[in-house]
Amino acid sequence: MNTTIITTLLLALSISAHAVKSQASLSECQYLKDRIDYYTDLRRKGGSAQRMERWRDRRREYQEEYDRVKCHYWRRKLS
């Protein structure tokens, strides 16, 4: 019985630690937003088809990371 309680507590602690770790800091989110904006600006200026595709892919990678680490919590504080 004690083993079950300890196991349950350890599992709960590891899940909550993972949840806290999965959210990025304000500075990490600002970096990701800056990179997204950078590639957005490059695409708006135009370029060859190959460059445009590469920039779109890079922007998508940064956007996915932004979403994965839950930067939307910092949205109002990002410039």
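To describe how two helices lie against each other, an axis is taken as a line fitted to C-alpha atoms, for helices over the stretch in contact, and the angle, from 0 to 180 degrees, is taken between N-to-C directions. The model is predicted, so that local features need pLDDT of at least 70 and side-chain atom pairs count only at pLDDT 80 or more, while totals for chains, interfaces and linings use all residues. Residues are numbered from 1 along each chain as its sequence is written, and side-chain values use heavy atoms, with hydrogens and water left out.

The protein has three helices and zero strands, where helices (H or I, at least four residues) and strands (E, at least two) are DSSP runs numbered from the N terminus.

The axes of α2 and α3 come within 9 Å and cross at roughly 155°, which makes α2 roughly antiparallel to α3, a word used for angles over 145 degrees. Residues in contact (heavy atoms within 4.5 Å) include Y31, L32 and I36 in α2, which meet a set in α3 that includes W55, Y62 and Y66.

Buried residues (under 20% relative accessible area, 1.4 Å probe, protein chains only) make up 20% of the 79 residues in the protein. Leaving aside neighbours within four places in sequence, L32 is in contact with Y62, E65, Y66, V69 and C71.

Conventions: Parallel < 35°, antiparallel > 145°, perpendicular 65-115°, else oblique. Buried < 20%, exposed > 50% of the residue type's maximum accessible area, 1.4 Å probe, protein only.
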